[in-house]
Amino acid sequence: MRRLQLEEDSEEAKVHEPKAPFCFGDRSSSDVVVRLRTQEGRDEWLYCHSDILIQNSKYFSDRLSDKWPTCQILDSRNCVEVHCQDTDFDFHVSILRLFYDSIERLADDAWHNVRNALGILRVAVELECPEIVSACVNYLEAVPWEESEEEEILRTIPGMGQQALPILSRLEPVNHSAVTAIFISAVRFATSSPPPSMNDLKSTAQEQLEYMLTEDDDDPLPIPTDEIKSEVRECMKRLLDRFNGLLESLLCEAQESMQLFHSYLSDLSWVCQILTKLEIMRELVISWTEASDKVVKLIQLASESDEIVIKTRLKAIEVASKVLETIGYGSVILPTSKRLHAVQVWLPFVRATRPLIDAFLSNNEDSAELKIDGEMWQSLESTFVSIILALPSGDQAEILNEWLKSSHAQYPDLTEAFEVWCYRSKVAKRRLAVLGDKERTTGAF
């Protein structure tokens, strides 16, 4: 009896003894063949184990069930044919290998890179492999992407359903309050005067703010609410206060801080872009117009041959061109006296500066900051013509007379304004006489 009991215990122990782990591709223990085929002619037999396939994939579970007919091949193994694109062939093989790995490894080093993980995820969704899908999603959601990888993810993930959407969490639109908060913080920093070590960060903030407000294929990121406009105005006023304070102090010591003055002009040039996009240029136009005499005087006190002075001249013209354009095209309405004064200050300055910049560039071809697009000069010329032609005819005559006597009459070229003035002056009596006859006729009734 004791011997019989020992034999029964031995047999029971064998039943409960853990099975040796299966190995992918082990033909000796395999009971199923996965046959991968492509339209391009690739055909590979992969020796697998039905328990592993059924445990990890609903697709294979269905294919190996009684609901799906299978065919018998060598050594009585079931055969499951899987047709795939050639580009996905290796990902199918990778997934079959992953079926034999531990869950811990799936969470760590199984994916190699973003493209490989994305390909495996695509196939795992098709084969309905929940554990591999979850591990891929966790990996792709956590690692950094290159730009090309991000574009591929955007093309691929939306078609995979809810299970893959966490991957796109970093690309989701941000709510309005968050956008407003970061926009306001960036504006405050971009209009501040940080230490020189933070100038690169300030430039980045300015670039990104301008990009956020640009209308291209997408709408501007922040909605230009009253809150945003009010904050931008306040930041602009603080910048102008610091600028005007510096202007007053530098009139006594022009050369010592010309670099700082140039920096402020750069900020004002950038602010013009932002204010134009938000349609709130009026305060800056008025302030700049009032400060124009002092700006020109300060620059003229400095040596014309110094590079920083040449750069400052150009930067002042950049700001002036944006202000004058706003005036010239009626975006901001100023009295006649202020419009006339703006032309009287900036026309001679621009006329004298253009040759200085051209001469400097001929001797310093590597000065990229001074190599500006001819579009600015052309736009400035058109702006002067528009402002001049909107002035009283007597003021036009004085400006054109000075232009014709100037040795730099070539730029700005006021030929169009001159032609229009000649025509208007020649026909003025006849035009106004007709107007007078109409008034007398109307009075008779």
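Tutor: Accessible areas come from the Shrake-Rupley method with a 1.4 Å probe, and for residues only the protein chains shown count as cover. This is a predicted model, in which local features need pLDDT of at least 70 and side-chain atom pairs count only at pLDDT 80 or more, while totals for chains, interfaces and linings use all residues. Residues are numbered from 1 along each chain as its sequence is written, and side-chain values use heavy atoms, with hydrogens and water left out.

The chain has 18 helices and four strands; these are DSSP runs numbered from the N terminus, helices being H or I with at least four residues and strands E with at least two. Of the 445 residues, 41% are buried. Buried means under 20% relative accessible area, exposed means over 50%, and partly exposed lies in between, with a 1.4 Å probe and protein chains only. Among contacts with a separation of 6 or more, 69% are between residues 24 or more positions apart, a contact being heavy atoms within 4.5 Å.

Now the charges. Lys and Arg count as positive and Asp and Glu as negative, while His and the chain ends are not counted. Side chains of opposite charge can pair when their charged atoms come close. A salt bridge is such a pair, with a side-chain nitrogen of Lys or Arg within 4 Å of a carboxyl oxygen of Asp or Glu. The structure holds 18 of them.

One of these salt bridges joins the side chains of Arg42 and Asp86, at 3.7 Å from N to O. Arg42 sits in the loop between strand 1 (32-37) and strand 2 (43-48), and Asp86 in the loop between strand 4 (78-83) and helix 4 (89-98), so the pair ties together parts 44 residues apart in sequence. Arg42 is partly exposed because its relative accessible area is 33%, and Asp86 is likewise partly exposed, at 30%.

Another salt bridge is formed by Glu248 and Lys294, whose closest N and O atoms are 2.3 Å apart. This pair also links distant parts of the chain, with Glu248 in helix 11 and Lys294 in helix 13 (residues 282-301), 46 residues apart. Glu248 has 41% relative accessibility, so it counts as partly exposed; Lys294, at 33%, is partly exposed too.

Glu318 counts as buried because its relative accessibility is 16%, and Lys315 is buried at 15%. Elsewhere, salt bridges that share partners join Arg35, Arg37, Asp43 and Glu81 into one network.

Asp395 stands apart from these pairs. It lies in helix 17 (residues 393-405). Asp395 is buried yet has no salt bridge, and Arg339, the nearest side chain of opposite charge, is 8.2 Å away. Leaving out residues up to four places away in sequence, Asp395 touches Thr336 and Leu340.

The patches here are made of residues with over 30% relative accessible area and no salt bridge, like charges being joined within 9 Å; the place of a charge is taken as NZ of Lys, CZ of Arg, CG of Asp or CD of Glu. Arg424, Lys426, Arg430 and Arg431 form a patch of positive charge. Lys426 belongs to helix 18 (residues 415-444) and is exposed, since its relative accessible area is 73%. A patch of negative charge is made up of Glu215, Asp216, Asp217, Asp218 and Asp219. Glu215 is in the loop between helix 10 (199-213) and helix 11 and is exposed, with a relative accessible area of 68%.

Note on methods: Patches are made of residues with over 30% relative accessible area and no salt bridge: like charges are joined within 9 Å, nonpolar side chains (Val, Leu, Ile, Met, Phe, Trp, Tyr) within 5 Å.
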